[in-house]
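Thanks for asking me to look this one over. Here are some notes to read alongside the coordinates.

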Amino acid sequence: MKTIRIFNQDILVRDSLCTTDINKRKEVLPSLRLYIKLTDECNANCLFCSNRDARDFGTIDLKKLEYVIRYLLNMKVLHGISITGGEPMVNPDMMNKLLNLIYEIDSSLEVAISTNGYNLLEFLKMDAVNKLESIHISRHHYNDEVNFNIFGSKDVASSKDIILLQEGLDDKKIININTLIMKKYIDNLEEIKRMLDYVGNLGVYKNGFVSLMKCNSFALEHFINFNDIFNNLDKNFYLGHHFYSGEYCECVDGLYLTKYNKIVEFYARMVKECNCPYTTQLVYTSDNKVTAGFGKRLLYKEKS
Amino acid sequence: MFLSTDILEFINKIVNNSIISDKENVKENINKFRDYLKLTKMADEQLLTEIDIIIECLEELLIIKNKIGYVDVSSILESSKEKINGRPLKKSRQSIYNQKHYSHYSSSGSSSCGGGGISSYRSC
């Protein structure tokens with residue numbers, strides 16, 4: 001870990017990559033990803049929501065955000081931007097303005113968006129959609145109805161919407177499906193395979209799986225250790241890597257051959273600690289503050 | 001000279017799950033696997049060349065598989081390599097899965113996702 005100074009405050013940042021050997025470290029220059037919480041509004045009502053305690057319900061000021069992005073670029077610590085919420089697509093017009101601003105500042109910035117699929121097809125109207133590094137669509141079950149129930153909303157990604165978005169994009173691979181591993185839903189190897197079969201049939205190439213972070217009662221109750229599943233893969237899988245970030249986090253990746261003969265890349269991750277001592281991300285909140293992680297220490301707020 | 005067991009096993013799985021009319025899909029799947037191995041630095045040039053040989057011989061492999069129900073890719077790898085010796089292999093199809101797609105991987109068995117590189121996987 002290394003201490004760097006941002007906005008006149010010291011923060012502890014990770015300065016090593018994850019490695020396949022838990023006891024080895026590979027040092028790199030510290031870098032941070034900026035998460036922009038475009039809004040705290042959300043169309044869904046997820047029981048596992050990790051955002052409930054960190055909502056500000058402000059309005060993003062693009063001028064203030066521009067200042068922060070340029071500042072971090074000048075500091076040479078910014079390696080990418082993720083746009084999240086709430087649900088960032090509750091206001092597609094604002095999303096379009098934000099993307100245009102980011103690419104105007106630096107056209108080479110890696111930008112990813114996380115969405116539950118609300119207004120999903122509005123992406124196709126955006127000027128910069130084909131410049132995106134990735135669109136991560138949260139989809140926690142292969143069955144539309146079960147997925148709607150998990151989100152507590154029918155206004156989330158349907159199979160049809162995902163297929164139509166995929167068809168309309170120049171670069172088909174930018175869509176990633178993200179799935180929580182949790183009891184009663186996707187909670188064992190057969191369910192993982194059904195999910196991957198489903199994703200392959202949509203024509204999507206990548207499916208990420210994440211164990212719940214044991215930071216609230218729902219997560220504690222529904223937690224599944226991803227190793228219980230991914231340590232016991234069958235011959236339909238090719239397991240590529242198993243990475244560790246010390247004691248705090250681990251992940252695996254590889255390929256899966258679906259029962260319909262499609263190749264889908266999978267990725268699975270488990271964060272083991274709710275509070276680790278370093279940060280890898282900054283958060284620009286919807287009320288125009290910068291914090292060292294979600295709901296964590298305030299680093300910057302423009303004086304009014 | 002042979003592919004490592006786990007890589008070979010997965011290619012065998014891809015080939016043996018298919019039928020002769022499925023050749024283009026099988027080829028695409030093996031190419032995706034090849035791209036993954038290459039971009040995640042899990043295969044050296046020799047291994048990649050061996051996968052190219054398999055792709056070259058795919059039709060033959062699928063014919064054998066259809067006739068006897070199963071084909072072991074490694075068993076004909078050596079002879080196939082000799083057979084095409086002396087002429088250049090067809091260049092692999094240009095990958096549509098470019099480096100950007102693998103940006104959370106890096107060389108030497110390290111991941112650079114940084115605990116937040118994949119946007120939905122918030123962590124520290």
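1. A word on angles before we start: helix axes are lines fitted to C-alpha atoms over the stretch in contact, and the angles run from 0 to 180 degrees between N-to-C directions. Please also keep in mind that this is a predicted model.

2. With that in hand, have a look at chain B. Helix α2 (residues 23-39) of chain B packs against helix α3 (residues 45-56) of chain B at an angle of about 175°, and their axes are 11 Å apart. Angles over 145 degrees count as roughly antiparallel, so α2(B) and α3(B) are roughly antiparallel to each other.

3. Which residues make the contact? From α2(B) they are K27(B), I30(B), R34(B) and K38(B), and from α3(B) they are L48(B), I51(B), I54(B) and I55(B). Sorted by class, the contact of α2(B) with α3(B) has five nonpolar residues, three charged ones and no polar ones.

4. Next, the largest nonpolar core, which has 102 residues; L34(A) and F33(B) touch the most other members. Strand β13 (residues 263-271) of chain A gives the most to this core, with seven residues.

5. Leaving aside neighbours within four places in sequence, L34(A) is in contact with I69(A), L72(A), L78(A), I81(A), L282(A) and Y284(A). As background, nonpolar side chains tend to be buried together in soluble globular proteins.

6. Finally, a hairpin in chain A: β3(A) and β4(A) form it with six residues between them. Strand β3 (residues 16-19) of chain A and strand β4 (residues 26-27) of chain A run antiparallel and are joined by two bridges. Within this pair, L17(A) stands opposite K26(A) in β4(A).

Notes: Residues are numbered from 1 along each chain as its sequence is written. Chains are lettered from A and ligands numbered from 1 in the order in which they are written. This is a predicted model: local features need pLDDT of at least 70, side-chain atom pairs count only at pLDDT 80 or more; totals for chains, interfaces and linings use all residues. A nonpolar core is a set of buried Ala, Val, Leu, Ile, Met, Phe, Trp, Tyr and Cys residues joined through C-beta atoms within 7 Å. A residue is buried if 20 or more other C-beta atoms lie within 10 Å of its own, exposed if 12 or fewer, and partly exposed in between; C-beta atoms are placed from the backbone. Helices (H or I, at least four residues) and strands (E, at least two) are DSSP runs, numbered from the N terminus. Two residues are in contact if their C-beta atoms, placed from the backbone, lie within 7 Å. Angles under 35 degrees count as roughly parallel, over 145 as roughly antiparallel, 65 to 115 as roughly perpendicular and the rest as oblique. Ala, Val, Leu, Ile, Met, Phe, Trp, Tyr, Cys and Pro count as nonpolar, Asp, Glu, Lys and Arg as charged, and the others, Gly among them, as polar. Two strands pair if DSSP finds at least two bridges between them.
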